[in-house]
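Trainee: I would like a close look at one part of this structure. Please take me through it step by step.

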Amino acid sequence: MSTAQVWLDAYAVSHQNPINKALHWVCVPLIVISLIGLLWSIPVPAAFYAISPALNWGTTFLLAAVVYYFVMSWSLALGMLPVVVGIVAAVIWMESLPYPLLYSSIVLFAAAWIGQFIGHVIEGEKPSFFEDLQFLMIGPLWMLAAIYRQFGVRY
């Protein structure tokens, strides 16, 4: 597995245009939240619920993602923990809306991806995940790494 910096540098190549970057700062979190909402909506086996009412496909995916991030970078993975809490809070809030979580997640997912593709049209570069699907996991880290750099935090 490549280092976090190798992945982040490769991701940054197609994310140079300020408009594309701004769209990613809005759309990446919305895509992650909506993806977790979609996974959260899938019925789980009774054994999951017996372990915890919070154990579902969305939280399982988030746990796997954090493990993936820890393999890449302890520092970035630790930074992702509060992000994961925020994602879970956002999905729980979406569940409280008068619309089914599945439908609101689908709409949000589609709208955010449209924003991403608009950004890449403006950038003139195809999305990184066309080269490797692992780049779908790198987007959130790319944002966190930018925050780390602002505060001088090493990763």
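How many aromatic pairs does the count come to?

Mentor: The count comes to 12 aromatic pairs. Keep in mind that this is a predicted model. Let us follow one group of rings. Ring pairs join Phe109, Trp113, Phe117, Phe129 and Phe130 into a cluster.

Start with Phe109 and Trp113. Both sit in helix H6. They are four residues apart, about one turn of the helix. A pair of aromatic rings is described by two things: the distance of the centres and the angle of the planes. For Phe109 and Trp113, the centres are 6.2 Å apart and the planes meet at 65°. Planes over 60 degrees apart count as edge-to-face, so this pair is edge-to-face.

Phe109 has 27% relative accessibility, so it counts as partly exposed. Trp113 has a relative accessible area of 16%, so it is buried. The cut-off for buried is under 20%.

Trp113 also pairs with Phe129. Their ring centres lie 5.3 Å apart, with the planes at 75°, so this pair is edge-to-face too. The pair links distant parts of the chain. Trp113 is in helix H6, while Phe129 is in the loop between H6 and H7. The two are 16 residues apart. Phe129 has 19% relative accessibility, so it counts as buried.

Stay with helix H6 and look at Ser105. Its relative accessibility is 0%, so Ser105 counts as buried. Leaving out residues up to four places away in sequence, Ser105 touches Ser34, Gly37, Leu38 and Met94. Ser34, Gly37 and Leu38 are among the buried residues of H2.

That takes us to H2 itself. Helix H2 runs over residues 18-41 and has 24 residues. From first C-alpha to last, H2 reaches 35 Å, close to the expected 34 Å. H2 has a kink of about 30°, centred on His24. The buried residues of H2 pack against several helices, including H6 (101-123).

Last, the nonpolar core. The largest one has 27 residues. Among the members that touch the most others are Leu8, Tyr69 and Leu141. H2 and H6 are among the elements that give two or more residues to this core. The largest share, nine residues, comes from H7. A second, separate core has 12 residues, including Ile33 and Leu39.

Definitions and conventions
Residues are numbered from 1 along each chain as its sequence is written. This is a predicted model: local features need pLDDT of at least 70, side-chain atom pairs count only at pLDDT 80 or more; totals for chains, interfaces and linings use all residues. Side-chain values use heavy atoms; hydrogens and water are left out. The expected span of a helix is 1.5 Å times one less than its number of residues. The bend at a residue is the angle between axes fitted to the seven residues ending there and the seven starting there. Buried means under 20% relative accessible area, exposed over 50%, partly exposed in between (1.4 Å probe, protein chains only). Contact means heavy atoms within 4.5 Å. A nonpolar core is a set of buried Ala, Val, Leu, Ile, Met, Phe, Trp, Tyr and Cys residues joined through side-chain atoms within 4.5 Å. Rings of Phe, Tyr and Trp (its six-membered ring) pair if their centres lie within 6.5 Å; planes under 30 degrees apart count as stacked, over 60 as edge-to-face and the rest as tilted.
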